[in-house]
Amino acid sequence: MKLMNKLNGISRRDLFKLAGQYGMSSTLLAAGSFGGAMSLANLASAAESTYEKRFAKEAKYTLKFGAAGFNARNLLIERAGCLEFARDLESRTDGEIRVEFIGDNQICGQTSCVEKTQQGIVDIYAASTQNSAGGAPYLNVLDYAYMFRNRADQYHFLYSPASQALLREPYEKRHGLKFLFSHAELRGIQLGLAWEDKETVTSIDQLAGTKNRVTGTQLGRIAMNALNLNPVPVAWEETLDGLKQGLIDGAETWASAVAYANMSPVVSQSVHLNFFCGTEHTAMSASVFDSLEGELQDAVMESSYLAQVHVQAANEAALVKTVGQSDPQLPDTIFAQNNVRNAFLSAEEIKKAEEMCSPEYQPQLWEEWRERLNGWSGGLDTYQEIYDEVRKIDADTLPENVEPRRWWKA
């Protein structure tokens, strides 16, 4: 694959040899700093320079960053901001904080990173909020169906001071975790190869009765059941095999997740239902954050803000230029090279799906979880308040045009 795989000319063996010499974090941070393809010699030189810079003085704090299945290559497909955050935090603190980046599922996976952070095995983690909801159920608050109309709504909420009371503070209080920043996409159904020769999906009715993988989100299951999408819990790491073997018709996830996880060869249609969040967030142990001096806490927040701004711009570009989520589709994108068709549903079909499953139209389906989340938030009407907050911007606002704000400052 031509695009973005700038590590392609470097074997896994050579990569690990460099990592053995300079450390995996220095090697990955160096790789992530390249704008294009690199040679082994270039990477070795950059890794040496990065190592020398990072270890020029003894760090006061070394933080383990468990980044699920991410690495320097796939973070150029789904722009989750992990390496940018680590690089900026080290630079901003002049080496007082050193980040040990551990991806490729070496220390934790999509469903286990949250628990390993709560247990103190890692200090920072990156995984989807939906996969993390098993260990931190308050994250379900993001998953009410059709609460967010589009990605602009998601970014607006992540930047909004309202996210403090509605998301960040309850998450920290209940689960001991500090929500730092997140990528933003909306979930749809990624259909397997059995749908390769079928017409491109144009209606929710065509998906009725299909069997689809679901993440750890409890609220996502409510929406899928209401849409007759038969949610089946399948671990993220096993989803590719499930699609390949035809054990499931599709997977509930988002476009860049398909691309970064190398699922594109076994996906034929990406159906953009956009029915609830796909948010690959980065969070930190609250107790570790609290143990830092004030100026270092400020640095963590500023690096989080920088990462959030980076993600907002970079992931919007990558969706079109790298993943291939556009109509028409650019020719050298991952979806185009693997014959993945985009199925963009009409506004009328999206409205039909919303009326089938959202709290706005089917409040009885959500009562139990809504009451639970409201209680955990301290009595806020979580759905209604997030719904109202994101509708403060026009529905046609482009995601890249959402104004960045430091959410912790009113």
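1. A crossing of two helices is called left-handed if the near helix is turned anticlockwise from the far one by less than a right angle, and right-handed if clockwise. By that rule, α4 passes α13 in a right-handed crossing. Their contact (heavy atoms within 4.5 Å) involves Glu84, Phe85, Asp88, Leu89 and Arg92 of α4, and on α13 Ala299, Val300, Glu302, Ser303, Ser304, Leu306, Ala307 and His310.

2. A word on the model before going on. It is a predicted one, where local features need pLDDT of at least 70 and side-chain atom pairs count only at pLDDT 80 or more, while totals for chains, interfaces and linings use all residues. Residues are numbered from 1 along each chain as its sequence is written, and side-chain values use heavy atoms, with hydrogens and water left out.

3. Back to the helix pair: the axes of α4 (residues 82–92) and α13 come within 9 Å and cross at roughly 145°. Axes here are lines fitted to C-alpha atoms over the stretch in contact, with angles running from 0 to 180 degrees between N-to-C directions. Helices are DSSP runs (H or I, at least four residues), numbered from the N terminus.

4. Do look at Ser358, in the loop between α15 (347–357) and α16 (367–376). Ser358 is buried at 1% relative accessible area, where buried means under 20% (1.4 Å probe, protein chains only). Leaving aside neighbours within four places in sequence, Ser358 contacts Ala145, Tyr146, Pro363 and Trp366.

Methods: Helix = DSSP H or I, 4+ residues; strand = E, 2+ residues; numbered from the N terminus. Buried < 20%, exposed > 50% of the residue type's maximum accessible area, 1.4 Å probe, protein only.
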